[in-house]
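Hi,

Here is the structure I promised to pass on.

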Amino acid sequence: MANFTQEQEQAIFTHDKNLIVVAGAGSGKTRVLVERYLDLLDKNRDWRLNQIVAITFTREAAFEMRHRVRQELEHKVQHPENDSERRHWSDLLSQMDSARIDTIHGMCATILRANAASARVDPSFDVLEPIEADSLLSAIIDAQLQALADDDTHN
């Protein structure tokens with residue numbers, strides 16, 4: 001096993017509660033989250049991959065975590081302790097497309113699309129990129145300010 005700090009070990013091996021991992025760039029957050037993810041799957045053999053939710057802030061971090069989980073599962077399939085282990089990890093690897101490793105925005109969009117009728121939203125909606133959102137917000141503010149100015153001149 002890799003060398004982990006006491007805090008990292010706590011984050012990896014504490015399974016009786018949900019955790020939020022907060023640390024600076026390059027501190028090993030993704031490594032810790034991948035280890036926690038795999039340890040949860042190891043300790044809970046009846047869980048499916050989509051029963052664990054891992055949320056990150058950026059698409060890059062979500063992609064990196066998904067990639068590392070896939071790599072680790074492939075490694076476990078190729079180097080199992082026995083046939084039972086190979087079957088277990090192989091089954092999980094086959095579920096990678098359903099893994100819930102995403103950004104906050106992506107996870108919310110998935111939930112909204114799955115419940116579009118209840119949420120009263122069009123299930124084909126898109127999540128705006130930050131630049132698009134800023135531009136739209138500016139246009140709305142400008143339009144509202146113009147409407148207020150027009151009201152003032154007509155009153």
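Let me start with the charges over rings. Arg 113 has its charged end over the ring of Phe 125, 4.2 Å from the centre. Lys 76 does likewise with Trp 89: its charged end sits over that ring, at 4.8 Å from the centre. Aromatic pairs are another matter, as the structure holds 0 of them. Do keep in mind that this is a predicted model.

Next, the salt bridges. There are 6 in the structure, and here are some that I looked at.

Arg 59 and Glu 129 meet through their side chains, 2.7 Å from N to O. Arg 59 is exposed, at 55% relative accessible area, whereas Glu 129 is partly exposed at 33%.

In general, an α-helix has 3.6 residues a turn, so residues three or four places apart point the same way. Both partners count as partly exposed, Arg 68 with a relative accessible area of 30% and Glu 64 with 28%.

Then there is a network of salt bridges that links Asp 42, Arg 45 and Glu 85. Within it, the side chains of Arg 45 and Asp 42 come to 2.6 Å, N to O. Arg 45 is partly exposed at 36% relative accessibility, and so is Asp 42 at 29%.

Now for helix 1 (residues 6–13). Which of its residues are buried? They are Gln 8, Ala 11 and Ile 12. These three cover an arc of only 95 degrees around the axis, so they sit on the same side of helix 1. Gln 6 and Glu 7, on the other side of the helix, are exposed.

One last thing on the surface: Val 53, Ile 55, Phe 57 and Ile 104 make up a nonpolar patch, with about 410 Å² of accessible area together. Phe 57 sits in the loop between strand 1 (53–56) and helix 3 (59–78). Its relative accessible area is 73%, which means that Phe 57 counts as exposed, the cut-off being over 50%.

Cheers

Notes: Residues numbered from 1 in each chain as written. Predicted model: local features only at pLDDT ≥ 70, side-chain atom pairs only at ≥ 80, totals over all residues. Heavy atoms only, no water. Patch = residues over 30% accessible without salt bridge, like charges linked within 9 Å, V, L, I, M, F, W, Y side chains within 5 Å. Areas by Shrake-Rupley, 256 points an atom, 1.4 Å probe, with all protein chains shown as cover. Salt bridge = Lys/Arg side-chain N within 4 Å of Asp/Glu carboxyl O. Helix = DSSP H or I, 4+ residues; strand = E, 2+ residues; numbered from the N terminus. Buried < 20%, exposed > 50% of the residue type's maximum accessible area, 1.4 Å probe, protein only. Phe/Tyr/Trp six-rings, centres within 6.5 Å; stacked < 30°, edge-to-face > 60°. Lys NZ or Arg CZ within 6 Å of the ring centre and 35° of its normal. Arc of directions from axis to C-beta.
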